[in-house]
Each structure stands twice: as C-alpha cells, then as structure tokens.
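Biologist: Could you take a close look at one part of this model for me, the nonpolar core and what surrounds it? I'd like the cut-offs along the way.

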Amino acid sequence: MAATILSGPDMLTSEVFARSLGLTVSDLHDMEQAHAVLVLPGASPREARYPAWQINAMGQPFPVLPALFDTLGDSGWTIYRFLTQSHPELAGQTALEALRDGRGALVVRLTHSLAEGTFA
C-alpha cells in the first residue's frame, strides 16, 4: 500500500518539492527536521516523497503541521493517515479538507482529543 501511495502523481521528490517552495533541498530537510513539512519515508531515503497537497493557498506548507507532529508523534505516515481520513468530528470531512477551509485550530483540537482518547 505504501508503495502505491508513494508512486501517486501528488507525491513529489525532495528536489521538486523544494523547488516549488523556492528552497534548496538542504533548507527543505531543515524544515523536515522541524516538522514544518510532511515527508513520507520510502524503502530508501531517495524514495521519500512529499505530498504536494500540504501546500496552502499562500504557497506554503500548512502552519499547523508542527502542532500535528507534536501531538500525534514523529511518524509521517501517522500524520498522512490523520490528514486523509474523514473524521466524524469534522462532519465527515478529512482533516486536509478542514485545513483547506481555514479550520486549522479545529484540526489541532481534534488531534488533542484523539491523543487524549476523548472526542472533539
């Protein structure tokens, strides 16, 4: 399943993703270490991919990404799953759709609720 996701047209290499943000690959890796971007690891470092859809209307990664990592942990796959699954707490929307609608604070609250085992 991971290989299928990583081979999707919306999954970018570090070079392509960095260029889309106007960054060097080194700067992109710094952002990755700060959890400011989502990267999905592959079988090797060269197979890692960056979802193109994590860029907001301003052309930048969603600013709530570090908070999602802080709450849900360091796994890019966990963050991916959280963002792409529909959530009853978001009226059936995915967290990604809610972010696109400008509801980042609600998405962050949902992560806290999930991490605490409560409901939003």
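Modeller: The largest nonpolar core has 23 residues, and L38, L68 and L83 have the most contacts inside it. By nonpolar core I mean a set of buried Ala, Val, Leu, Ile, Met, Phe, Trp, Tyr and Cys residues joined through side-chain atoms within 4.5 Å; buried is under 20% relative accessible area with a 1.4 Å probe, protein chains only. Helix 1, helix 4, helix 5, helix 6 and helix 7 each give two or more residues to this core, helices being DSSP runs of H or I, at least four residues, and strands runs of E, at least two, numbered from the N terminus.

This is a predicted model: local features need pLDDT of at least 70 and side-chain atom pairs pLDDT 80 or more, while totals for chains, interfaces and linings use all residues. Residues are numbered from 1 along each chain, and side-chain values use heavy atoms, without hydrogens or water.

Helix 5 (residues 76–84) buries G76, I79, Y80, F82 and L83. Looking down its axis, these buried residues fall within an arc of 165 degrees, so they line one face of the helix; the arc uses directions from the axis to the C-beta atoms. They pack against helix 1, strand 1, helix 4, helix 6 and helix 7.

Over in helix 4, L65, L68, F69 and T71 are buried, packing against helix 5 and helix 7. Just after helix 4, G73 has a positive phi of about 110 degrees.

Notes
Buried < 20%, exposed > 50% of the residue type's maximum accessible area, 1.4 Å probe, protein only. Contact = heavy atoms within 4.5 Å.
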